[in-house]
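Dear colleague,

Please find the structure below, together with its sequence.

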2 protein chains.
Amino acid sequence: MTHHLSHFVRRLKIGEMSLLSTSPYKGTRDFFPSDKRLHNWMFDQIRSVVQGFGYLEYDGPMLEPFDVYAAKTGEEIVNQQLYWLMDKGDRKLAVRPEMTPTLARMVASKVNEEPKPIRWFSVPNLWRYERPQRGRLREHWQLNVDVLGGETRLADAELIQLAVEIFRKFGGEEHLQIRVNSRRLVNHVFSKVMGLSDDVAYKLSKLVDAKEKMPAEQFSAQVHELGVAGEALKSLDAFFGLKIENLLETFAGEASQELVDLMQTLKNLGVGEQVRFDPTIMRGMDYYTGVVFEAFDISPDNNRALFGGGRYDNLVSLFSKTELSGAGFGLGDVTLQNFLETHKLMPEFPSFYDVYCACADEKSWQAVQNEVKAWREAGLKVLVPLQMGALKAQFKEANRFAVPYVVVVGEQELESGQWSLKNMAKGTQEAVEPKKILEILKSS
Amino acid sequence: MTHHLSHFVRRLKIGEMSLLSTSPYKGTRDFFPSDKRLHNWMFDQIRSVVQGFGYLEYDGPMLEPFDVYAAKTGEEIVNQQLYWLMDKGDRKLAVRPEMTPTLARMVASKVNEEPKPIRWFSVPNLWRYERPQRGRLREHWQLNVDVLGGETRLADAELIQLAVEIFRKFGGEEHLQIRVNSRRLVNHVFSKVMGLSDDVAYKLSKLVDAKEKMPAEQFSAQVHELGVAGEALKSLDAFFGLKIENLLETFAGEASQELVDLMQTLKNLGVGEQVRFDPTIMRGMDYYTGVVFEAFDISPDNNRALFGGGRYDNLVSLFSKTELSGAGFGLGDVTLQNFLETHKLMPEFPSFYDVYCACADEKSWQAVQNEVKAWREAGLKVLVPLQMGALKAQFKEANRFAVPYVVVVGEQELESGQWSLKNMAKGTQEAVEPKKILEILKSS
């Protein structure tokens with residue numbers, strides 16, 4: 001008491017007596033129990049699909065050495081969006097903005113021991129310093145699914161198939177469109193066909209990545225600024241207007257063949273409806289080397305990207321001399337939740353609780369403990385009062401918590417050996433032997 | 001390719017060509033799939049117990065405003081152990097070292113709406129800059145269970161009962177000892193009985209908190225340095241030697257009565273075996289105001305604290321004018337895992353996978369997809385090959401992943417409509433109609 005007072009006085013003295021804000025840090029969320037229940041439900045659904053494909057869950061530390069991202073994550077994220085700090089040993093650490101480098105680091109550390117193909121997933125929380133807006137927060141949770149090893153076409157196809165299955169699980173696959181492209185094809189067109197230098201090709205890819213966010217004239221002007229004109233510009237326009245049917249005849253070569261084969265395999269897998277070739281899909285990360293894809297909700301109300309990913313053949317080699325090709329995608333909780341809300345695919349949850357055990361006095365409270373324990377062991381969620389007030393107050397409490405059943409125990413019930421069981425929705429009440437209550441509750 | 005090469009060349013030029021380390025940041029862990037499976041298992045067991053008591057899961061952001069901890073978390077943590085950073089808007093943020101301030105902030109924001117008592121839990125990862133050692137890492141996951149509102153004695157008792165139930169769930173309750181004290185009692189003894197000033201009382205409590213970590217002579221010397229001598233020292237020694245039976249007669253008053261009543265209630269709840277009064281238990285946090293407790297493994301091999309907590313009557317009032325009494329405890333994953341390993345209470349997991357569907361060629365691979373989909377929807381974990389090599393290689397792969405069943409499909413099986421199902425442990429093989437495979441696998 002006194003000790004606490006002394007602290008209180010100390011705070012008063014240095015003028016800190018104003019209340020602290022109850023808001024979470026800007027761009028982050030508090031998950032109150034109803035939010036957390038929904039969040040858990042979403043990722044439980046996802047887990048069941050991903051595990052059905054035999055993917056194993058992994059996790060890594062929230063802070064990673066800064067260098068893990070500096071190498072390949074992309075300039076915008078590293079320079080403008082990373083949360084970083086120096087630890088007391090002068091090590092530069094970053095709060096993870098994405099999971100793929102952690103995955104590559106972990107895989108590299110066991111690259112020779114782990115059986116291939118490696119199919120792993122994770123649900124990390126990730127941080128980026130951004131202006132918070134619909135679908136984009138500073139902290140979000142993201143499903144990461146990756147496969148390393150295997151034939152690239154079949155692995156890429158499995159990932160896209162799996163992503164569609166996740167949306168089918170939620171009942172929303174009809175709204176899904178996955179736009180597929182190939183970095184290898186882009187590099188072929190930009191370098192070999194258009195004859196751009198590495199530097200201009202890189203800048204053009206970043207510009208195309210941002211194309212949707214600017215007016216058409218602005219895009220054209222910036223393409224012009226890069227010195228892309230004449231025949232090169234014609235090739236670029238031809239590329240952007242391409243349909244998959246004409247890809248091979250327009251740009252013959254391995255990169256085109258790969259993409260055509262993948263699209264055929266996806267058709268064979270029954271997800272042809274959900275995919276289409278889109279030569280403007282680039283993805284922000286610098287590490288992609290093959291197929292890239294980005295999924296959108298085709299309904300106009302919710303036009304943000306839902307998930308995206310691609311193939312990164314050289315990422316593990318940042319950490320290991322053994323090369324191992326990989327591909328993966330990330331699916332964020334915020335955009336998914338917006339999607340599910342837009343299409344009314346969120347569930348209505350029943351009451352979280354099963355039964356409230358009202359006790360007339362502390363003797364009864366003590367007497368019910370063994371039964372309550374048995375109910376809990378059987379998987380029921382049981383509330384007992386923490387205040388020995390009137391039974392009326394306990395019923396009020398049970399109501400506020402929306403508990404469907406209330407057991408009432410007092411002197412009379414203890415004597416008769418028949419406890420009172422009330423169905424709160426129906427308002428009915430019956431006298432029951434304590435041993436039979438569990439059975440009734442389990443079957444209700 | 002070329003674009004990637006340009007990056008490669010850039011890195012080469014600035015001399016960064018050495019491989020990055022595959023180790024996680026010191027004091028943190030990578031959770032490979034077998035680690036993550038164990039971790040999930042531990043917390044699933046815990047969740048089932050905590051939810052049985054009607055506690056609801058919540059979560060908050062990984063970064064919080066620094067001030068949230070500066071007020072009450074305790075000097076050692078804030079000054080020496082906090083990971084903190086400035087964001088690009090010059091806000092000082094801390095990586096959360098504990099969950100209770102986040103809880104208090106969240107509860108304060110809805111203190112009038114939420115029905116009481118509030119029973120919440122969370123499983124956050126927490127960060128402290130410490131020298132890594134057995135049972136103590138820089139990042140760990142911690143169950144946090146809290147109750148706000150209700151009669152303090154019954155709420156404190158429920159928390160301790162719940163903690164014992166967690167250890168009973170793991171089969172380890174016999175090794176558990178929970179040492180219980182009261183900050184209110186300590187303040188009474190230090191201030192009223194011993195007549196210490198607030199400042200000396202505070203320093204003495206910190207010293208007692210560290211008592212176990214130093215030789216007896218060092219402790220005595222430091223007590224002496226604080227000016228505690230004569231009658232005061234005698235009272236301190238008397239206090240440290242007290243048994244619960246003699247508490248009321250030695251230090252009469254409300255604080256003693258509360259503690260005696262709590263111990264009696266715990267006996268009535270059937271956890272008397274696991275608890276004992278220990279006047280040296282202080283707990284590090286500055287915010288505790290009532291009962292405090294710390295649990296130990298009584299086996300000598302594993303003598304670190306397993307969990308600890310207490311009552312913090314004034315924490316919500318940092319954020320809100322409404323006062324609400326609360327109590328809670330934290331149970332860390334590292335010490336729990338050490339405990340379970342010490343007492344051989346860890347499970348042996350069966351294979352993660354249910355079946356591997358070997359395909360002789362891509363035509364078969366495509367033909368099995370519908371059945372595979374049905375198996376996955378029924379909850380089975382099904383691997384398909386990502387490389388259309390020889391069946392022998394696929395069997396080898398199924399073996400490396402320890403898959404218990406392999407279905408084999410090739411031209412012959414597609415023609416006959418009878419697929420081959422192999423039990424890998426027994427080495428037996430049978431020809432089965434595809435539709436019947438699910439049934440066999442589900443019942444195996």
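At what angle do the axes of helix H6 (residues 152-169) of chain A and helix H12 (residues 254-268) of chain A cross? They cross at roughly 45° and come within 10 Å; axes are lines fitted to C-alpha atoms, for helices over the stretch in contact, with angles running from 0 to 180 degrees between N-to-C directions. Helices here are DSSP runs (H or I, at least four residues), numbered from the N terminus.

On the H6(A) side, the contact is made by Arg153(A), Asp156(A), Ala157(A) and Ile160(A); H12(A) contributes Glu258(A), Asp261(A), Leu262(A), Thr265(A) and Leu266(A). Residues are in contact if their C-beta atoms, placed from the backbone, lie within 7 Å.

The model is predicted: local features need pLDDT of at least 70 and side-chain atom pairs count only at pLDDT 80 or more, whereas totals for chains, interfaces and linings use all residues. Residues are numbered from 1 along each chain as its sequence is written, while chains are lettered from A and ligands numbered from 1 in the order in which they are written.

Between the chains, 87 residues of chain A are in contact with 89 residues of chain B. Helix H1 (residues 2-13) of chain B supplies the largest share of the side of chain B that touches chain A, namely six residues.

Chain B is superposed on chain A by a rotation of 180° with 0.0 Å of shift along its axis (RMSD 0.0 Å), by least squares on the C-alpha atoms of residues with pLDDT of at least 70 in both. The two copies are thus related as by a two-fold rotation axis.

Methods:
Contact = placed C-beta atoms within 7 Å. Helix = DSSP H or I, 4+ residues; strand = E, 2+ residues; numbered from the N terminus.
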